[in-house]
Amino acid sequence: MDELANKNILITGASRGIGFDLAELLDQKGCNLLLHAGSDLGIQRLKEVFGGSDRHCFWQADFSKPDMLAVTLQETLQFFGPLAGYVNCVGLRVRRPLNLLNVATATEAFVTNVVSHLEVVRIITRKGLFAKGLSIVGISSIASHIGSPGVSIYAATKAAMESANRCLSKELFTKGIRINSIIAGQVNTEAYKELMQSKDSQVDLVLDRQYMGLIEPRGVAAMCVFLLSEQSQYINGSSLPVDGGYLV
Ligand SMILES: NC(=O)c1ccc[n+]([C@@H]2O[C@H](COP(=O)([O-])OP(=O)(O)OC[C@H]3O[C@@H](n4cnc5c(N)ncnc54)[C@H](OP(=O)(O)O)[C@@H]3O)[C@@H](O)[C@H]2O)c1
């Protein structure tokens, strides 16, 4: 039997891309999944694919409104049971040069990508809501480790999440909880395809440096599975790359 079978895992941002592939992978491993999406459409998609199993539950919440998370998540967890894993795949992408940035856009990105992540971590690490050995994973981006024009806010939110996770690893260790980040390179998701279609040129310059090619979402999901498992029991507070060779 798989080590992760029957474990309760929360995936936020599960309706598309990396989160969706992770949900499929963990479903195959026999996990009980609490699957989150932000929109009606996202939840509908999750219910269509995973709703046939009584092992899975669904949670809809808008990460741009962190004040609303505590009540609904706590209620859902009381029904679902203590968590052994949490993977956060929500990420608001902002692509704007400085002259097109404004306070509202920057604030929404920080709230969605950082504040809500911290709020979920705060809630699920309350007594009774997590199981022994809870492992938390946040998906960061190579954008936070390199300097690229037009992504200052997005990159800053990912860097902030990674630093927060590093600090929290020292706090949460005393409860037997681990927390890590994954630095993802360019991943072949719906969001990526939309981005490429919106560009004048179909040539992706990132792939010049990401010499191993575009990463399939399964590649990042596999690293999430490793970090959720006991095989990574000595890894804490780290940012592990799945970057197709970009950063080295
Ligand atoms: N794709 C890449 O190349 C790449 C590279 C590096 C890092 N990443 C990071 O990896 C993570 C996953 O990215 P992805 O491309 O696989 O998926 P994605 O297309 O960015 O969608 C992820 C999920 O986020 C949810 N979401 C978006 N806005 C939300 C909000 N305000 N409140 C609640 N949920 C919200 C979506 O729900 P709905 O479907 O309901 O809207 C969806 O389930 C993100 O953090 C992203 O920044 C991606």
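**Reading helix packing and a ligand shell**

Colleague: In this predicted model, helices α3 and α4 cross in a right-handed manner. What do left-handed and right-handed refer to?

Modeller: A crossing is left-handed if the near helix is turned anticlockwise from the far one by less than a right angle, and right-handed if clockwise. Helices (H or I, at least four residues) and strands (E, at least two) are DSSP runs, numbered from the N terminus. Residues are numbered from 1 along each chain as its sequence is written. As the model is predicted, local features need pLDDT of at least 70 and side-chain atom pairs count only at pLDDT 80 or more, whereas totals for chains, interfaces and linings use all residues.

Colleague: At what angle do α3 and α4 pack?

Modeller: Two packed helices are described by the angle between their axes and the distance between the axes. Helix α3 (residues 69-80) packs against helix α4 (residues 103-124) at about 40 degrees, with 10 Å between the axes; these are lines fitted to C-alpha atoms over the stretch in contact, and angles run from 0 to 180 degrees between N-to-C directions. The pair is therefore oblique, the term for angles that are not under 35 degrees (roughly parallel), over 145 (roughly antiparallel) or 65 to 115 (roughly perpendicular).

Colleague: Which residues of α3 make the contact?

Modeller: Leu69, Ala70, Leu73, Gln74 and Leu77 of α3 meet Ser116, Glu119, Val120, Ile123 and Ile124 of α4, where contact means C-beta atoms, placed from the backbone, within 7 Å. By class, seven of these residues are nonpolar, two polar and one charged. Ala, Val, Leu, Ile, Met, Phe, Trp, Tyr, Cys and Pro count as nonpolar, Asp, Glu, Lys and Arg as charged, and the others, Gly among them, as polar.

Colleague: How do the axes of α4 and α5 cross?

Modeller: The axis of α4 comes within 9 Å of that of helix α5 (residues 152-172), and they cross at roughly 20 degrees. This makes α4 roughly parallel to α5, and their crossing is right-handed. Among the contributors are Ala109, Phe110 and His117 of α4, and Tyr154, Lys158 and Met161 of α5. The contact residues divide into twelve nonpolar, four polar and one charged.

Colleague: Which residues come nearest to the ligand?

Modeller: Gly13, Gly17, Gly38, Gly42 and Gly91 come nearest, out of 28 residues around the ligand, counted when the C-beta atom, placed from the backbone, lies within 6 Å. The elements giving two or more residues to this shell are α1 (17-28), β5 (130-141) and α6 (190-198). The shell holds twelve nonpolar, 13 polar and three charged residues.

Note on methods. Two residues are in contact if their C-beta atoms, placed from the backbone, lie within 7 Å.
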